[in-house]
Amino acid sequence: MERFAEMALFADFYGPLLTEKQRNIWDLHYEQDLSLVEIAAAVDISRQAVYDLLKRTEKILRGYEAKLGLVQRFLLEQEKLIEVKEQLKGFTEEDFANPQAWESYQQICQQINDVFNVMESS
């Protein structure tokens, strides 16, 4: 996984565990795409302090993931859900013995799509 995407996921899952200062610097760099120099000027600290804080925060986030594994579990569950969604695409109305079964199938497909929509908008 690309480092930036990985860090974004870590921050999504573990961001609330960071201090306000860590979250603020993280947001300025990764979400608002400011350079270290721009962040340093905005929060009135040195560029080196920004760099050090970002590296410490990354280490903290990686430590949370190593201990809790929430991002890894999320990605595995997402893969499983993608597989299920692909398998469901193969069914047609004729594959079902009664209209209620077809309706249940359509509801399941909609629920899976709803889950994907929530995951993509987060």
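Predicted model: local features only at pLDDT ≥ 70, side-chain atom pairs only at ≥ 80, totals over all residues.
## The nonpolar cores

The largest nonpolar core has 19 residues, and the members that touch the most other members are Phe10, Ile25, Trp26, Val50, Leu54, Leu61 and Val71. Two or more residues of this core come from each of the elements α1, α2, α3, α4 and α5, and the largest share, five residues, is given by α1. For Val50, the contacts beyond its neighbours within four places in sequence are with Ile25, Leu36, Ile39, Ala40 and Ile45. Apart from this core lies another, of seven residues, among them Leu81, Leu88, Trp102 and Tyr105. As a general matter, nonpolar side chains in soluble globular proteins tend to be buried together.

The structure holds five salt bridges. In one of them the side chains of Glu58 and Arg3 meet at 2.5 Å, N to O, and this pair links distant parts of the chain, since Glu58 is in helix α4 and Arg3 in helix α1, 55 residues apart. Glu58 is buried, because its relative accessible area of 9% falls under 20%, whereas Arg3, at 38% relative accessibility, counts as partly exposed.

Another salt bridge joins Glu6 and Arg62, whose closest N and O atoms are 3.1 Å apart; here too the pair links distant parts of the chain, with Glu6 in helix α1 and Arg62 in helix α4, 56 residues apart. Glu6 is partly exposed, with a relative accessible area of 21%, and Arg62 is also partly exposed, at 33% relative accessibility. The side chains of Glu58 and Arg62 meet in a salt bridge as well, at 3.4 Å, N to O, and being four residues apart in helix α4, these two are separated by about one helical turn. Through salt bridges that share partners, Arg3, Glu6, Glu58 and Arg62 are joined into one network.

Gln22 lies in helix α2, which covers residues 20–31, and Gln22 is buried, with a relative accessible area of 11%. The side chain of Gln22 reaches the backbone nitrogen of Thr19 at 2.8 Å. Not counting residues up to four places away in sequence, Gln22 touches Leu53, Thr57 and Ile60.

## Two loop residues with positive phi

Asp33, in the loop between α2 and α3 (36–43), has a phi near 60°, a positive value in a residue other than glycine. Asp33 is exposed, with a relative accessible area of 64%.

Asp44, placed in the loop between α3 and α4 (47–68), likewise has a positive phi, of about 60°, although it is not a glycine. Asp44 is exposed, its relative accessible area being 71%.

Conventions: Residues numbered from 1 in each chain as written. Heavy atoms only, no water. Buried < 20%, exposed > 50% of the residue type's maximum accessible area, 1.4 Å probe, protein only. Polar contact = N/O pair within 3.5 Å; in protein donor to acceptor, adjacent residues only side chain to side chain. Contact = heavy atoms within 4.5 Å. Core = buried A, V, L, I, M, F, W, Y, C linked by side-chain atoms within 4.5 Å. Salt bridge = Lys/Arg side-chain N within 4 Å of Asp/Glu carboxyl O.
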